[in-house]
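Open the model in your viewer and keep the selection tool at hand.

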Amino acid sequence: MDGLQASAVPLTGGYQGQTFAVTAGGEDAVLKLYVKDPDRAVVDAALLQLVHGLLPVPRILDLKREGSWEDPPYLLMERLPGVNLQVYLETAGPDERRKVGAQLGELLARLSGMPFLTAGMFRGGDLTVEPFGYADLTDFAAGLDLELRPAQREVLSDLTLMAGDLLDDAADRVCLVHSDFNPKNLLIDPDSVKITGLIDWEFAHAGSPYADLGNLFRFCTDPVLAGGVLSVLRWSELGLGEPLVERGRAADLWALLELASRSASNEVAAAAGALVARMLDTRKLAGDRPDLEAI
């Protein structure tokens, strides 16, 4: 890391690594240290190389493939321009939110169009896919540490079966999934209203073409933004089935339940736990979330 300034400013986001704003070779950069999962450094680097030019991701400036707890592997990337999309949307008007939604739909379409043969987690710099160790969603949910009453477990079993039925005709369709596709991991130029970055790929895997849509709509209550997303996906040539929002929620149930099992760890996990509780109360995948389907 020749030319890297000694000072480093911590950045928010990231679970598997610690992320800092630094300066390298005279340009602003982002340094990500892989302390919790050292093997993930080469995977993230390979993913960025795979999608570079297709999605707004940073250039790789340097990569340390191996290391230790004291001297962990790292990924040094250019720092993309723009502001956090989640912050931008708090004051954006309807025209801007609709424009953002259309761009999000385009990014989702590109991700869904990058196929893989099998579903699973990526391993190594060649992005070998290691299949998930679960027979189905019901089996996965049963193995999670969720504090549920017996009656709630029955409802959860019904919901997992419902989700499986919704996705049954797409079970063999596998694509690249970012797996944390939401405004906090996107950057935007507020002047041009152009998305400039999709960051934090540490949960990316091969999976359902509906999973990132479900992640995006997990806590979404904005019909204008959602309408922009859905209009693009419905006019795309991906052949995604209806109902799109419900299929997204079905595919997102894997990640949502896993996050809810860690509900005491942070605000996002607590919100996931509260959402799962409302889904169980209503016996619906939507829970009490707004109806975005008819937009």
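Select Phe116 to begin: this residue of the predicted model is partly exposed, with a relative accessible area of 21%. The cut-off for buried is under 20%, so Phe116 at 21% counts as partly exposed.

Phe116 and Phe122 make an aromatic pair, with 5.2 Å from centre to centre and 55 degrees between the planes. Is this pair stacked, tilted or edge-to-face? It is tilted, because planes over 60 degrees apart would be needed for edge-to-face and under 30 for stacked. Phe122 itself has a relative accessibility of 1% and counts as buried.

For the next stop, select Tyr134 and Phe140. Their ring centres lie 4.9 Å apart and the planes stand at 85 degrees, so this pair is edge-to-face. Colour the two residues by accessibility if you like: Tyr134 is partly exposed at 41%, whereas Phe140 is buried at 10%.

Ring pairs join Tyr134, Phe140 and Trp254 into a cluster. The structure holds three aromatic pairs.

Move on to Ser261, which you will find in the loop between α8 (244-260) and α9 (267-282). Ser261 is partly exposed, with 22% relative accessibility. Which residues does Ser261 contact, leaving aside its neighbours within four places in sequence? Show Leu144, Asp145 and Leu146, and you have them. Draw a distance from Ser261 to Asp145: the two are 116 residues apart in sequence, but their C-alpha atoms are 5.5 Å apart in space.

Time to zoom out and switch to a cartoon view. The protein has nine helices and twelve strands. Its C-alpha trace spans about 60 × 45 × 35 Å along the principal axes. The radius of gyration is 19 Å, which agrees with the value near 19 Å that a compact globule of 295 residues would have. Among contacts between residues at least 6 apart in sequence, 66% join residues at least 24 apart.

Of the 295 residues, 50% count as buried. Colour by charge to see 26 positive and 44 negative side chains; the centres of the two sets lie 3 Å apart.

Note on methods. Residues numbered from 1 in each chain as written. Predicted model: local features only at pLDDT ≥ 70, side-chain atom pairs only at ≥ 80, totals over all residues. Heavy atoms only, no water. Helix = DSSP H or I, 4+ residues; strand = E, 2+ residues; numbered from the N terminus. Rg over C-alpha atoms; globule rule 2.2 N^0.38 Å. Buried < 20%, exposed > 50% of the residue type's maximum accessible area, 1.4 Å probe, protein only. Contact = heavy atoms within 4.5 Å. Lys, Arg positive; Asp, Glu negative; His and termini not counted. Charge placed at Lys NZ, Arg CZ, Asp CG, Glu CD. Phe/Tyr/Trp six-rings, centres within 6.5 Å; stacked < 30°, edge-to-face > 60°.
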